[in-house]
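I wanted to look up the pockets and cavities and what lines them.

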Amino acid sequence: MSKLQIKGMIAAIAAISIFAFGFSLIIPLLSLLMEARGFSGLEIGVVNAASAFAIAGGGFVLPTFLRYVSIPKLIVISAVLMAITFCLFLLVPYFYSWMLLRFIMGFAAAAIFFSAEIWIIASAPENKRGLMIGVYGLFLSLGFLAGPLLLKLVGTEGWTPFLAGAAVVMLAVLPVFWAWNAGPDVGETDEERAKASPLDVFRFFRSDPAVLWAVALFGCIEFGAMGLIPVWSVRIGLNQQEALTLVALLAAGNVVMQIPLGWLGDRFNRRKLLTICAALCVIAALGAPAISETVWPLYILTAAWGGVVVGLYTFALNELGSRYTGAEFARGNGAFMTVYGLGALFAPPLLGAAMDAMPPHGMFHLLAVAALAYLALLLLRRRR
């Protein structure tokens with residue numbers, strides 16, 4: 001790696017980690033404030049779903065933005081937009097206005113993730129791409145863990161938490177300014193620009209279904225399972241502390257396995273690794289109900305599952321980076337954003353409905369079906 005590539009890599013990882021710190025503070029803050037003001041669970045869920053809509057839609061239009069602005073500039077614009085959005089929440093009425101602000105915030109977040117991932121993939125050498133993705137995932141996870149801790153310190157009342165979140169997000173632009181000239185070039189030729197369309201995202205569903213649906217399954221588990229595992233835990237008779245321990249172990253498995261999985265993705269066939277991840281997700285989804293009456297085995301399974309799940313995204317992103325570069329990779333990463341947003345949007349209500357229809361383990365039954373369907377897709381593609 002050249003000094004410029006190293007500088008760009010450090011800047012992109014630092015920026016996305018700092019941003020995740022601020023972003024993860026505001027998400028629980030809004031839910032807690034709405035709950036305190038008497039909003040229903042449905043209303044809180046609808047406001048939060050606005051971000052998933054924005055992420056899914058952002059996948060279509062963000063590659064087009066790169067025709068007019070550079071990667072560093074897009075990160076800075078998005079961070080400023082998000083910081084301003086943070087400061088508007090207390091100035092406007094609740095619900096509909098907050099739903100709009102959550103949509104804007106979700107779109108800005110999608111733009112920052114989109115830009116940082118392109119920068120990281122463009123800067124990483126071929127033989128260390130997976131390792132760099134693992135380092136990125138590790139620091140991203142640590143950033144998401146830090147936000148709620150800061151919220152615990154500053155509290156949820158008044159302007160303080162909103163201004164704290166805005167300030168942290170603005171700190172994310174500092175490493176970008178430091179490495180401004182190291183930003184990757186994803187420009188298109190005149191011929192590519194003439195042929196390009198936001199609908200190009202759909203082309204990747206046909207050409208790269210194995211990597212796209214890995215991201216969709218990851219989004220389903222990350223948004224759906226992590227949100228509903230506390231509910232499932234209480235319904236099977238665990239106390240609140242045990243329920244929160246399960247969520248923490250799922251997140252801990254995610255953090256611990258980021259770099260080892262990235263290393264594996266550089267040394268072994270990533271399609272086979274995705275197949276192993278899918279098979280283990282099926283086993284975990286079926287195994288959790290079977291051992292739900294024994295707490296310690298359930299703890300171990302949950303932590304292992306958290307580690308396996310992150311492989312779906314890590315291996316898929318590495319595989320996409322091995323197939324495409326420049327503007328074509330940007331369009332492929334836009335498709336990633338779209339399917340991740342769709343998984344985040346539809347998984348929570350579907351898994352919740354499954355839990356109600358087949359109590360108490362319906363959520364895991366549906367996740368097993370989803371993982372099994374993805375595994376079948378991988379095996380079918382492998383035969384072809």
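Which helix gives the largest share of the lining of the second largest pocket? I found that it is α15, with seven residues. I worked from a predicted model, in which local features need pLDDT of at least 70, side-chain atom pairs count only at pLDDT 80 or more, and totals for chains, interfaces and linings use all residues. Residues are numbered from 1 along each chain as its sequence is written, and side-chain values use heavy atoms, without hydrogens and water.

My terms: on a 1 Å grid over the protein atoms alone, a cavity is a set of points where a 1.4 Å probe fits but cannot get out, a pocket is an open set with protein on both sides within 12 Å along at least five of seven lines, and lining residues have an atom within 4 Å of a point. Points are joined across faces, edges and corners, and a volume is the space filled by probe spheres set on them. Helices are DSSP runs (H or I, at least four residues), numbered from the N terminus.

I noted a volume of about 320 Å³ for this pocket. Of its 15 lining residues, W213, A216, L217, C220 and A370 lie nearest the centre. α10, α15 (326-357) and α16 (362-383) each supply at least two lining residues.

Next I looked up cavities, and the whole structure has three of 30 Å³ or more. The second largest cavity holds about 60 Å³. Its lining is F218, I221, E222, M226, L250, N254, G306 and V309. Here α10 gives the largest share, four residues.
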